[in-house]
Amino acid sequence: MAGLTVAALALPSGMAYAQLAGLPAVIGLYALLLPSVAYALLGSSRPLIVGPEGSLAALVAASVLPLAAPGSADAAELAAMLSLLVGACFVAAWLLRLGWIADYLSRPVLVGYIHGVAVVLVIGQLGKLMGLDIAAIDPLPQLAEVVREADGADATTVAVAVGGIVVLAAGRIWVPKVPMALVVVVVGIVLADAADLAAHGVALVGHVPSGLPSPTLPTPGASDTIALIPSALGLFLLCFADEVLTARAYAGRHAQHVDANRELLAMGAASAAAGITRGMPVGGSGSRTAVNDAMGARTQVSSLVAAGAVLLVLLFLTGPIADLPKALLGAAIVVAAAGLIEPRTWRALWTTDRAELAIAAFTAGGVIGAGVLQAIALAVGLSILDVVRRSARPHDAVLGWVPRLGRYADVALHRSAEVTDGVVVYRLDDRLFFANAGYVKGRVREALRGAPTPPRRLVLDAEGMSHVDAAGLDALSGLIAELEEEGVEVCVARAKAPLSARLDVTPITADRRFATVRAAVSASRGSSPSPAPTPHP
């Protein structure tokens, strides 16, 4: 039942996403066959469903349509080659054991990308919903053309589109387990035939070739293939990050495990299968995976059942699909795009980190205004700069003894913290490396100047220091030399073994390394705890 329900959702959405990518509708059906089988045999996620997706289709369109006319055989050939190139990226990453790269498309980038794509999807369907022939390819020119041509909208097409959107939206709210997209498709086909909608100006899908695709290697020109390589890399990164996030989300619900490196192989095989069967790039489908899981599927057998259902449609039911109004495919995409919008994710970013909110907003705006690839590249660059910014200004604290906690804690947060006369305890909560060595050195000086009594000992709490590079070691050695000239002894507490080994090149000898902060403070001669007069900033 889960497999049949997934197929009912996948059939209309697959055709819709193919047309969104500027390809014949049947290409979307081809991409639901062998790729699903390949992932079912190799993937590590039990409920995940793969196939054409709106977010990927938008990038396919941006990659293919500048090189070929929409709906042409050349466009289909380029889409198949793009699938093979994406598959090659997956396989290369699998051979190099690069499963960890999924973590480097940060959540703000993904949030911004998904919401930007949702807007792009809606704008791209306005022409179909209004019965207009839109020549522009990019979202903003498309929107401008729709506004200019709005007076020429076909009333019958608009009525069909609005009806489809209302039914789909109501179904999503009131009967979420019913495949309303399939219901709309069937009703639309019957209505188109009974009311002769084509004679009233409603555009139909048209002829869909029956039968199965014959395996073949796409052979576009060398220059076009080279031009697709950057897009293939972008698709690979987005597809893998989104697919792994979806797979891990459902694995967490069922105490299962997802092997990121195995996912690379599985998605590589699925992409290659799409390429040799005249399909289009595929990815993990969040919406169909959610339905699959809700219907009780616990293995990839449901994917095989869904592929079998699509197979039967291609063999015996392509004739009726020709009478499907394109406006209903556009309505399906608009409702699916609306489902991608999650205001709570923006509220969460606003609450937790305004810099991440800015990255998400920049990514969304870039996807709409500048293009998908350009926006992703710049957004990833911003994410990297944000990481550098955070590392260059790491969190730190001056510590004092908090009796009720029985440990040393940040004096800025605990006003009852007691400091020891002549001892400053400084904690760095990040690695010490070339980008923050000077900043940390200055912060240590500030901590010493803010001490309530002249300091004799500096205790460096190194529990949060994961690594020290050569520049950090030089800065630390220089600081130790300067402080010892001023009569301040430096010792280290709670350094982990790898860090302690790197400290061997500094003047901090073994007798000045302690297992706990308390031991390091107690080792100071003449120490006596006293309340901290003011919390240190």
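Where is the place of valine 178? Select this residue to begin. Valine 178 sits in the loop between α8 and α9. Keep in mind throughout that this is a predicted model.

**Stop 1: the nonpolar patch**

Valine 178 has 37% relative accessibility, so this residue counts as partly exposed. Together with Val178 they make a nonpolar surface patch of about 600 Å². α8 covers 155-174 and α9 covers 180-194, and each gives at least two residues to the patch.

**Stop 2: aromatic pairs**

Turn to the rings. The count of aromatic pairs comes to five. Select phenylalanine 90 and phenylalanine 236 for one of them. Their ring centres are 4.9 Å apart and their planes stand at 85°, so this pair is edge-to-face. Phenylalanine 90 belongs to helix α5 (residues 73-95) and phenylalanine 236 to helix α10 (residues 222-253), so the contact ties together parts 146 residues apart in sequence.

Move on to tryptophan 401 and tyrosine 408. Here the ring centres are 5.3 Å apart and the planes are at 70°, so this pair is also edge-to-face. Tryptophan 401 is buried, with a relative accessible area of 18%. Tyrosine 408 is buried too, at 14%.

**Stop 3: arginines over rings**

Keep tryptophan 401 in view and show arginine 518. Arginine 518 lies over the face of tryptophan 401, 4.4 Å from the ring centre. Then select tryptophan 350 with arginine 354. Arginine 354 lies over the face of tryptophan 350, at 3.6 Å from the ring centre.

**Stop 4: cysteines**

How many disulfides does the structure hold? The number is zero. Select cysteine 239 and cysteine 89 to see one case. The closest cysteine sulfur to that of cysteine 239 is in cysteine 89, 11 Å away, which is too far for a bond. Cysteine 239 is buried, at 4% relative accessibility. Now pick cysteine 491. This residue is buried, at 0% relative accessibility.

**Stop 5: salt bridges**

The structure holds 14 salt bridges. Start with arginine 344 and glutamate 342. Their side chains meet in a salt bridge at 3.9 Å, N to O. Arginine 344 is exposed, at 54% relative accessibility. Glutamate 342 is partly exposed, at 28%.

Next, select arginine 445 and glutamate 482. This salt bridge spans 3.0 Å, N to O. Arginine 445 is in helix α19 (residues 437-449) and glutamate 482 is in helix α20 (residues 470-485), so the pair ties together parts 37 residues apart in sequence. Arginine 445 is partly exposed at 22% relative accessibility, and glutamate 482 is partly exposed at 30%.

Stay on α20 and pick glutamate 484. Glutamate 484 forms a salt bridge with arginine 512, with the closest N and O atoms 2.7 Å apart. Glutamate 484 lies in helix α20, while arginine 512 lies in the loop between α21 (497-502) and β9 (513-514), 28 residues apart. Glutamate 484 is partly exposed, at 37% relative accessibility. Arginine 512 is buried, at 11%.

Finish by selecting Lys441, Arg445, Glu482 and Glu486. Salt bridges with shared partners join these four residues into one network.

Conventions. Residues are numbered from 1 along each chain as its sequence is written. This is a predicted model: local features need pLDDT of at least 70, side-chain atom pairs count only at pLDDT 80 or more; totals for chains, interfaces and linings use all residues. Side-chain values use heavy atoms; hydrogens and water are left out. Patches are made of residues with over 30% relative accessible area and no salt bridge: like charges are joined within 9 Å, nonpolar side chains (Val, Leu, Ile, Met, Phe, Trp, Tyr) within 5 Å. Accessible areas come from the Shrake-Rupley method with a 1.4 Å probe; for residues, only the protein chains shown count as cover. Helices (H or I, at least four residues) and strands (E, at least two) are DSSP runs, numbered from the N terminus. Buried means under 20% relative accessible area, exposed over 50%, partly exposed in between (1.4 Å probe, protein chains only). Rings of Phe, Tyr and Trp (its six-membered ring) pair if their centres lie within 6.5 Å; planes under 30 degrees apart count as stacked, over 60 as edge-to-face and the rest as tilted. A charge sits over a ring if NZ of Lys or CZ of Arg is within 6 Å of the ring centre and within 35 degrees of the ring normal. A disulfide is a pair of cysteine sulfur atoms within 2.5 Å.
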